[in-house]
Amino acid sequence: MYAILETGGKQYRVSEGDVITVEKIPGEAGDAVEFDKVLLLSEDGEVKVGSPYIDGAKISGEIVETGKGKKVIVFKYKSKKDYRRKQGHRQPFTAVEITSLTGKPVAKKAKAEEANVEEKQDAHEEAKVNMNMKKEELIAAANEQGIEVDPKATKAEIIEMIENASK
């Protein structure tokens, strides 16, 4: 199982037990950290990609250390002009050990969503059939199902009576 998270303007591929060096985040060694900007989550060969982030997915970690990186020297120089500027920079960082990757199950959620979509489509098609029928056809269909309908009722009222009776 692995995930891709975003923090500090950069993306990292992580799995449980990894230690990553990220841009400085608040906290001290031993503090718990949660990353909720999860771009991708892979579990048992199933891959879920966010748009841009996955809802409900979190990556938990623990701060191992904070510090500064190696010194980078910035040296500006112009020949024959007696212009020299030397400046150093040490970027602060935080080392985080990933303790857990959590997200909604990819396969189970997808199957449940497909089933819900199919049920909604079936119900929607039945409603379309009723809406397209003429008033006389609706009354006849209701009588076939054993539903008593007032012939003076409007088409919308007849459809509502049929739907209520079918529930």
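Trainee: Where do I start with Lys80: is its side buried or exposed?

Mentor: Lys80 is exposed, at 81% relative accessible area (exposed is over 50%, buried under 20%, partly exposed in between, with a 1.4 Å probe and protein chains only). Keep in mind that this is a predicted model, where local features need pLDDT of at least 70, side-chain atom pairs count only at pLDDT 80 or more, and totals for chains, interfaces and linings use all residues. Residues are numbered from 1 along each chain as its sequence is written, and side-chain values use heavy atoms, leaving out hydrogens and water.

Trainee: What about the phi of Lys80?

Mentor: Most residues other than glycine have a negative phi, and most peptide bonds are trans. Lys80 has a positive phi of about 65°, and it sits in the loop between β7 and β8 (strands are DSSP E runs of at least two residues, numbered from the N terminus). Asp82 lies in the loop between β7 and β8, with a positive phi near 55°, and is exposed at 71%.

Trainee: Which peptide bond is cis?

Mentor: The one from Ser51 to Pro52, with omega near -5°. Pro52 is in the loop between β6 (46-49) and β7.

Trainee: Which residues touch the most other members in the largest nonpolar core?

Mentor: A nonpolar core joins buried Ala, Val, Leu, Ile, Met, Phe, Trp, Tyr and Cys through side-chain atoms within 4.5 Å. Here the largest has 18 residues, and those touching the most other members include Ala3, Ile20 and Phe35. β8 contributes the most, three residues. Beyond its sequence neighbours within four places, Ile20 is in contact with residues including Tyr12, Thr94 and Ile98 (contact: heavy atoms within 4.5 Å). Apart from this core lies another of nine residues, among them Leu138 and Ile162.

Conventions:
Helix = DSSP H or I, 4+ residues; strand = E, 2+ residues; numbered from the N terminus.
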